[in-house]
Number of protein chains: 2
Amino acid sequence: MSVTLTALPGIPDIAPGDDLAAILGDALEAAGGVAPGDILCLAHKIVSKAEGCVIRLADVTPSPRALELAAELNKEPEKVEVVLRQSRRVVRAFKRPAQTHGTMICEHKLGLISANAAVDESNADPGTVITLPDDPDASARGLGEALAARFGMPLGVVITDTFGRPWRLGQVNVAIGLHLVPAKASEIGNTDAWGKPLVVTEPALCDEIAAASGLVVQKAAKTPAVLFRGVDWTPDPSAAAAQILRPIEEDMFR
Amino acid sequence: MSVTLTALPGIPDIAPGDDLAAILGDALEAAGGVAPGDILCLAHKIVSKAEGCVIRLADVTPSPRALELAAELNKEPEKVEVVLRQSRRVVRAFKRPAQTHGTMICEHKLGLISANAAVDESNADPGTVITLPDDPDASARGLGEALAARFGMPLGVVITDTFGRPWRLGQVNVAIGLHLVPAKASEIGNTDAWGKPLVVTEPALCDEIAAASGLVVQKAAKTPAVLFRGVDWTPDPSAAAAQILRPIEEDMFR
């Protein structure tokens, strides 16, 4: 039982309007093509950029609330305004004495909980920030279907972002958009190796793939696309990233 | 840039006192041996079992606090007692109407925050529960050094447990014991692909490896050991799983 992760080489800097499916298809072809069961894992930034989800801070007028939070947290009011526009609500906002800039933990309008509502400056042109795609599942489906047509077989797609976590330091990639790849690989109903029912075991397959992609994606190395081969999975046409989000009524930590 | 994950076949059921290093060495040899830079990722249960971290519930006398919590949560008092003994404190304890048994989110005495202080019944003999090894870093070091002596080269070791998460459903494996593998692969000081400093990017390397191992480890299939080949990492003799834990003063969610 073996799984191979390969970073696709040669992905150029992506600009709004680029045909990302064609670029990824060329990269897949250069890497030897696709095989049945392959999954393509993509850092959302190339998707966001291709879709034009880039905001010039000079075009943003901060609201009174953004001005207030920006002062509290020592952050740029324009950035705070973008974060607020991307958010359903702010879960926590704070600035510790040791911090230069504070932190906003937000519930993104897609339901994801992360720092700064996933608004990011790294790998963005100066004076701009990048937001998540408007509908990352639709983005994944669009890319997946275009690549399936080109290669003559279905291909799973996982779009990721890099999140911090409560309780644990460092960041891991998590899934924010899915095509065919199930959010969870439910083992409920299965038994363990000794025949006992696995009542609560539901591996977060989409996040396992996302986290694993970090092992070959290096931000400094322009490798935003990773091909997974050998994963044991069953395509689910109704897969959606929201299926990995804990309903608020089950959540003890917001 | 390619990383390969291979589940080591033929690991038998482990019992207290088993020579796990010898068993893993044989499995590695059967899988073709090791190469420079290899990392071995192990589900903690085989380590816990080999070290005798198995508790017979019939031997446990619940404290008054365990009896009280057990009644509130509809859990076995003996299990709650074991959880309390493994814990520094209980972060949250609750039972929702839809739940048969409640949930305890605990800070384990090693500092880890997880459900039931990582006390587990799956893959345990009936009437017993399995706890984490007393010192998982020492366990990882012991196994890593024995295997390094056998194969004539250093080998990274990551010991994992399966954790739930706030905000997201399903489970992922996280690192609870490390040998040579750094907790974080700091990119602070590096620049992104466009030359901007990556000020907060510290990929949680140990957790990326742990989560990835879930792609080839299946609980029902007795594959608790996964060999990683091709990861870009630098051995750190002072690596310890506690280095991935967020200090309480930086934590907004407990």
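The model is predicted, so local features need pLDDT of at least 70 and side-chain atom pairs pLDDT 80 or more, while totals for chains, interfaces and linings use all residues. Residues are numbered from 1 along each chain as written, chains are lettered from A and ligands numbered from 1 in written order, and side-chain values use heavy atoms, without hydrogens or water.

Helices here are DSSP runs (H or I, at least four residues), numbered from the N terminus. Their axes are lines fitted to C-alpha atoms over the stretch in contact, with angles from 0 to 180 degrees between N-to-C directions.

Between the chains, helix H6 (residues 205–213) of chain A meets helix H6 (residues 205–213) of chain B, the axes coming within 8 Å and crossing at roughly 140 degrees. That makes H6(A) oblique to H6(B); under 35 degrees would be roughly parallel, over 145 roughly antiparallel, 65 to 115 roughly perpendicular, and the rest is oblique. The crossing of H6(A) with H6(B) is left-handed, that is, the near helix is turned anticlockwise from the far one by less than a right angle, clockwise being right-handed. A:Glu208, A:Ala211 and A:Ala212 of H6(A) make this contact with B:Glu208, B:Ala211 and B:Ala212 of H6(B). By class, these residues are 4 nonpolar, no polar and 2 charged, where Ala, Val, Leu, Ile, Met, Phe, Trp, Tyr, Cys and Pro count as nonpolar, Asp, Glu, Lys and Arg as charged, and the others, Gly among them, as polar.

Within chain B, helix H1 (residues 20–30) packs on helix H5 (residues 136–151) at about 50 degrees, with axes 9 Å apart. H1(B) is therefore oblique to H5(B), and the crossing is right-handed. Residues of H1(B) in the contact include B:Leu20, B:Leu24 and B:Leu28, while those of H5(B) include B:Leu143, B:Leu147 and B:Phe151. The contact of H1(B) with H5(B) comprises 9 nonpolar, 1 polar and 3 charged residues.

Also in chain B, helix H3 (residues 64–73) and helix H4 (residues 77–86) pack at about 120 degrees, their axes 8 Å apart. H3(B) passes H4(B) in a right-handed crossing. B:Arg65, B:Ala66, B:Leu67, B:Leu69 and B:Ala70 of H3(B) meet B:Pro77, B:Val80, B:Glu81 and B:Leu84 of H4(B).

As for domains, whose bounds come from an automatic or database assignment, chain A has domain 1 (4–53 + 132–248) and domain 2 (55–129). In chain A, 14 residues of domain 1 contact 14 residues of domain 2.

How values were computed:
Helices (H or I, at least four residues) and strands (E, at least two) are DSSP runs, numbered from the N terminus. Contact means heavy atoms within 4.5 Å.
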